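Good morning, and thank you for making time on the agenda.

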Amino acid sequence: MPNTKTTSLAAAQAAGLRFLASAQTADGSFLGQASPSQTDFSLTQSHHTPFQTSLIANCLAGLPGSESIGTSAARFIAGQRSADWSWNYWIRGSVDQQQRPYPDDLDDTVVALSALTAIDSHSVGGQALGALGRLLVSQETAVGGPYRTWLVAETAAASWRDIDLAVNANIGYLLQQHQVEAPGLSRFITAALRSGNLTSRYYDGPLPVLYFISRGYRASAQPDLQKLLGRHVRKLSPNNALHLSLLLTASSHVGLKPPLRLRRQLLALQQADGSWPAASLYYEPPIDKQPYYAGSPALTTAFALEALAAIRTAARPAAASTDDQISSAGPADILDKTDDLADSHRQYLQHLIAKDSAGQISAIATITAAACDRPVRPSILAKLNQASLNGWASYSLFDDILDHDSDASQLTLAMLALRRTSWYFSQALAGKADFQALVQTRLDAVDSANHWEQRHARAELHDGHLTITRLPDYADLGQLADRSIGHSLASCAVLLTLGIALDHPDQQALQGFYHHYLIARQLHDDAHDWQTDLARGQLSVVVCRLLSGYFDTLTEIDFQVAEQLPALKRYFWETTIESVIGDIERQIRLARTALGQCQIVSQPAQLLDWLNQLAASAARVRSERRTARQFINSYTGLHG
């Protein structure tokens, strides 16, 4: 029976997790279902399958409250591998495998490895990745993909040597998890997106295919994905919870904002027991030539929980009040709430809030006041939070436009957010002329940093050929902080309201904290994005360090990116990453020291947590460095 009451996202998630915990068997697996109908699963055949368990585990990875479910599922999945680190659709030794045998295949294999990687990356070590490299090479149709589905010999019948779009999208996602890019695979998926041919031999309809592609999309594919997903928003069946979930999650991955009614509809389809109804995701092996469709309440529930996590707005007072102000309060020139630009602006802010679980963007003034353990008027905090939120929106939009991730149509939205930033700051501390001057100085610094980057940190790129006259000099890395230094203004304003003048040592110490934190955060992001940046000719600090070390020069670098990429990846993991991690950790130490010198901050835990998250991420990268190097060396070495 569907849910007829209004349910919060948090309550829906909790109920869904309780259902999954009750549906999970003692060995950690989930019962799959097969129906002769795509939508009616009342008369089904049931069996345990590693594949559905792997799909469920992938959906739950990182979802708070799902840890015990994921750990049990991972233990079951790991127990189903072959000696060659491959997986089969059937449980090994089961009646189904004996009566309807199938070879191991790459889809079951990579979905299983993706789940293990997401839940317990240490379980997918050098041996596993070396075996995966051998499996991929054995089934590739060209160097770097695409890949055939079934793990069979070259002499097998043509029906066992198909090349499937969804399967290759899943392969691409696993490779991305391990920092490996397969150019042939990327070209194959891009061509399919642009042609609009989204068929799969194994998955039911185009939505599962779009979902799988969206998990590992590159920025260049974003417009095609957005357009195709937008079409499905308009023709989506409102009663298919699985399709709703796939669409909502895929849309979140590519920055598309589907109508709010779809989220409400998904919540309304939740059953009284916390589950969502079964629907067809893929084709089950047929019985007596009768087609069967695979799904289960557990599978739909896992995809629904993933969708809710992707769109959930953190439930905290500051974010809620900010969200309310998006559509009510604002400057005198605020557009009518039904205006298209105002609606786009509101949706973009909601998109930022949904990703801002720590409140770093939408609740920074409130966090600063709590750190000082001093009362600040709520109306001032609300305006400062809005100023910071709009400032981050403007920064993000301009950054996307400059990096060609968004087209110029976003310019009006970026300008609107920037105007509202200035307005909220002017209203929050209207009588503080020194603060208003500081706002303009900081915004000028952001503009100057962007201008410098466009002039000095861009290379000539023609048909994948990169020509660099001279690498930019980032000197003491201060340029990285200046790009987003406006983010510190709300905290500075809070201290001013507490009587701490701009030239006070506490102000200087807090600004030092932001300076070093922003550098560390940008280095972290650049280390993650270096391949994308390189492919666009964007000379980030990490790209510069990589190229200067690899080519042993600061000038006159000229090369074909695709040809040098395998060797650059090896150099990155062997040399560059350690240098970058060292700088991140150094900036974190300096930020901690600066915060410790800010005497008015008596409760620094939440600010320190920002640093702890970066430090933990750096530590994970260092621990995974050896594994990544082994996989890259194994995978590329197999090609000679």
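Let me begin with a salt bridge: the side chains of Asp 104 and Arg 92 meet in one, with 2.9 Å from N to O. This pair links distant parts of the chain, with Asp 104 in the loop between helix H4 (95–99) and H5, and Arg 92 in the loop between helix H3 (67–78) and H4. The two residues are 12 positions apart. Please keep in mind that this is a predicted model.

How exposed are the two partners? Asp 104 counts as buried because its relative accessibility is 14%, under the 20% limit. Arg 92, with a relative accessible area of 30%, is partly exposed.

A second salt bridge joins Arg 201 and Asp 162, whose closest N and O atoms are 3.1 Å apart. Here, too, distant parts of the chain are linked: Arg 201 sits in the loop between helix H8 (183–195) and helix H9 (206–215), and Asp 162 in the loop between H6 and helix H7 (165–177). Arg 201 is partly exposed, at a relative accessible area of 43%, whereas Asp 162 is buried, at 12% relative accessibility.

Arg 586 and Asp 583 form a salt bridge of 2.0 Å, N to O. Both belong to helix H24, which covers residues 561–596, and they are three residues apart, about one turn of the helix. Asp 583 is buried at 9% relative accessibility, while Arg 586 is partly exposed at 39%.

Salt bridges also form a network, which links Glu 453, Arg 458 and Arg 483. How many salt bridges are found in the whole structure? The search gives nine.

I turn now to charges on the surface. Lys 227, Arg 231, Arg 234 and Lys 235 form a positive surface patch. One of these residues, Arg 234, lies in helix H10, residues 222–235. Arg 234 counts as exposed because its relative accessibility is 66%, and the limit for that class is over 50%.

Two loop residues deserve a moment. Asp 120 lies in the loop between helix H5 (106–119) and helix H6 (126–139). At 36% relative accessibility, Asp 120 is partly exposed. The C-alpha atom of Asp 120 is separated by 7.9 Å from that of Ala 74, although these residues are 46 positions apart along the chain.

The other is Ser 540, in the loop between helix H22 (505–536) and helix H23 (541–551). Is Ser 540 buried or exposed? With a relative accessibility of 9%, Ser 540 counts as buried. Leaving aside residues up to four places away in sequence, Ser 540 touches Tyr 474, Asp 526 and Asp 533.

Finally, the chain as a whole. There are 25 helices and seven strands. Of its 640 residues, 54% count as buried. Among contacts with a separation of 6 or more, 72% are between residues 24 or more positions apart. The accessible surface of the chain comes to about 26900 Å², and carbon and sulfur atoms account for 51% of that area.

Thank you for your attention.

Methods: Residues numbered from 1 in each chain as written. Predicted model: local features only at pLDDT ≥ 70, side-chain atom pairs only at ≥ 80, totals over all residues. Heavy atoms only, no water. Patch = residues over 30% accessible without salt bridge, like charges linked within 9 Å, V, L, I, M, F, W, Y side chains within 5 Å. Areas by Shrake-Rupley, 256 points an atom, 1.4 Å probe, with all protein chains shown as cover. Salt bridge = Lys/Arg side-chain N within 4 Å of Asp/Glu carboxyl O. Lys, Arg positive; Asp, Glu negative; His and termini not counted. Charge placed at Lys NZ, Arg CZ, Asp CG, Glu CD. Helix = DSSP H or I, 4+ residues; strand = E, 2+ residues; numbered from the N terminus. Buried < 20%, exposed > 50% of the residue type's maximum accessible area, 1.4 Å probe, protein only. Contact = heavy atoms within 4.5 Å.
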